[in-house]
Amino acid sequence: MKKSVKDLIILENECLNDDSHKIVFQAPDVDSDILPGQFANVLVKDSQTTFLRRPFSFYDVDVDEKSFSLIIKKVGDGTRKLCSVRPGEELSVIYPLGSGFTTPEKDEKVLLIGGGSGIAPMMLMAKKFAPQTSNIHILLGARSQKDHIVLDEFEKVGNLLLTTEDGSIGEKGYVTNHSIFKEISSFDKIYTCGPNPMMEAIGKIAKDNNIFCEVSLENTMGCGFGVCLCCVTPTQEGNKCVCTDGPVFNINELKW
Amino acid sequence: MVKLAVNIDKIQLKNPVLTASGTFGYGKEFEDFIDLDRLGGYIVKGTTLHPRQGNDYPRMAETPAGMLNAVGLQNKGVDYFIDSIYPELTKYNSHMIVNLSGSTVEDYVIAAEKLNELEHMPAIELNISCPNVKEGGMAFGVSCAGAESVVKAVREVYKKTLIVKLSPNVTDVTEIARAVEAAGADSVSLINTLLGMAVDAEKRKPILSTVTGGLSGPAVKPVALRMVWQVFNAVKVPVIGIGGIMNATDAIEFMLAGATAVELGTANFIDPAVTVKVVEGIEDYMKRHSIDDVNDLIGALEV
């Protein structure tokens with residue numbers, strides 16, 4: 001579908017925990033072309049500090065209801081303002097942007113790994129491909145139980161595995177300490193989004209075991225559609241824009 | 001019908017709205033958002049004789065009402081532009097202008113000679129003001145002798161409209177403007193970004209990999225307006241105003257201060273459809289003020 005910049009009506013703003021909200025946008029033109037990993041770039045109104053738009057991966061896209069939802073974590077003034085938006089109000093959004101994750105083949109065994117805000121594209125990934133394979137495992141990592149959000153929704157779409165750094169829910173440690181990695185060679189594909197150190201560690205395991213692995217990078221962006229050249233990451237073919245050549249990259253493309 | 005056309009040297013622009021180099025890619029990135037033919041013209045990204053990888057990430061820092069960038073002229077070189085980009089762009093009827101940068105006078109001259117051969121490109125904008133590359137442009141643009149040497153050399157080989165983009169990082173911008181006019185520039189555009197810096201207090205580190213970078217956005221608008229006004233009063237060639245223009249009112253302010261045309265830069269990042277909105281907004285302003293010809297706005301500031 002074509003990229004566009006539009007004022008979209010907010011349908012819902014659900015508080016998930018102290019930090020995060022799920023915000024549902026009415027988007028009359030959404031279609032099934034939107035891929036997991038693609039993102040929307042949202043304008044913040046009336047912020048002294050937030051001048052540029054803020055990018056968020058699609059968490060869910062509902063083609064029948066003509067809506068999509070984003071998960072927004074309060075980090076600074078801009079995201080705090082976005083989280084205080086009320087249903088009926090409008091926000092300016094540029095969408096859909098970036099590249100998506102590669103579609104897994106039918107019946108491939110897939111591991112989705114999300115950390116922090118990186119859980120968002122994993123939901124769309126799981127929902128989109130759940131019908132064609134029963135072999136989706138979803139591993140989510142967080143600091144503590146209170147930082148794990150939307151677990152009930154994830155439970156519906158795959159085999160859910162959890163870690164916390166303090167051991168308050170799931171296995172204790174980082175996602176890469178989870179026992180599923182003992183059987184990692186049984187997986188065909190790994191998809192991940194989260195903090196860079198987490199994705200680098202996962203990428204290394206994937207490489208060592210010769211498993212296909214895609215990561216979604218979160219570099220700071222200026223425009224989101226490939227013209228400012230600010231969000232670049234070094235690749236085997238030189239600097240590439242995370243916003244248009246990515247945010248999804250195969251680990252073999254990166255200089256990790 | 002109001003008359004929106006303006007002239008920069010031999011080129012007639014259908015309206016005064018251009019895009020600033022480095023904020024508009026090669027133009028085609030905006031195809032989903034706007035009809036490029038609605039613009040007076042579009043200035044494509046800074047091109048150099050040889051390909052450049054640009055500076056390391058992080059290259060950008062958000063600042064109050066603006067941003068710092070230190071992209072460092074990442075581009076695939078002038079030959080790539082001519083062979084792979086230019087042919088695709090000739091389908092638009094808006095004027096295409098390339099921004100040309102270099103690290104030596106010779107580099108500028110060789111690239112300008114190549115660009116002179118492009119039938120559908122009526123002008124180049126000479127970047128002697130990039131703050132993010134060592135010996136890259138700004139070194140030329142901050143002294144009269146440096147500016148004069150590169151403009152003179154390019155003027156000898158480039159026969160079409162030569163616009164020179166000026167740096168604000170100087171003591172007296174009018175001296176540089178006069179020097180490039182005397183060296184043969186057909187027009188001057190200003191301002192390029194203001195040299196600035198951002199610091200991460202928690203990490204005790206600069207945010208940009210290059211420590212310093214170029215500031216753009218509404219934060220620089222008052223400085224840009226002042227410089228456009230000064231240069232308008234110092235030279236005879238048409239002035240193109242750049243610096244934090246976000247809407248039609250901003251554009252009109254620059255025209256009143258002496259700009260014949262304007263370039264929209266950072267605003268494209270916030271709203272990729274802003275350029276067409278500015279064209280429409282200028283038209284609305286003229287109707288409200290019963291102005292038939294946009295040229296009547298140029299330098300019409302009542303002081």
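Reply: Buried area is the accessible area, found with a 1.4 Å probe, that two parts lose on being put together, summed over both. The size of an interface is often given this way, as the accessible area lost when the parts come together. This is a predicted model, in which local features need pLDDT of at least 70 and side-chain atom pairs count only at pLDDT 80 or more, while totals for chains, interfaces and linings use all residues. Residues are numbered from 1 along each chain as its sequence is written, chains are lettered from A and ligands numbered from 1 in the order in which they are written, and side-chain values use heavy atoms, without hydrogens or water.

Now to the interface itself. Chain B and chain A bury about 2,500 Å² between them, and 63% of that is on carbon and sulfur atoms. Three residues, B:Tyr57, B:Glu62 and B:Ile270, supply 26% of the area that chain B buries against chain A, more than any other three. B:Pro58 sits in the loop between β4 and β5 of chain B. Counting contacts (heavy atoms within 4.5 Å), 34 residues of chain B touch 28 residues of chain A.

Two salt bridges cross the interface, where the rule asks for a side-chain nitrogen of Lys or Arg within 4 Å of a carboxyl oxygen of Asp or Glu. One of them joins B:Asp32 to A:Lys3, at 3.9 Å from N to O. On chain B, the side that touches chain A draws at least two residues from each of β5 (60-63), β6 (66-69) and α8 (267-270). These elements are DSSP runs numbered from the N terminus: helices are H or I of at least four residues, strands E of at least two. By class, this side of chain B has 15 nonpolar, 13 polar and six charged residues. Ala, Val, Leu, Ile, Met, Phe, Trp, Tyr, Cys and Pro count as nonpolar, Asp, Glu, Lys and Arg as charged, and the others, Gly among them, as polar.

A cavity is a set of points on a 1 Å grid over the protein atoms alone where a 1.4 Å probe fits but cannot get out, and its lining residues have an atom within 4 Å of a point. Points are joined across faces, edges and corners, and the volume is the space filled by probe spheres set on them. The whole structure has one cavity of 30 Å³ or more, and the largest cavity holds about 580 Å³. Among the elements of chain B that each give at least two residues to its lining are β6 and α8. The lining has 39 residues, with B:Ser21, B:Gly22, B:Thr23, B:Asn69 and B:Thr193 nearest the centre. By class, the lining divides into 18 nonpolar, 18 polar and three charged residues.

Key. On a 1 Å grid over the protein atoms alone, a cavity is a set of points where a 1.4 Å probe fits but cannot get out, and a pocket is an open set with protein on both sides within 12 Å along at least five of seven lines; lining residues have an atom within 4 Å of a point.
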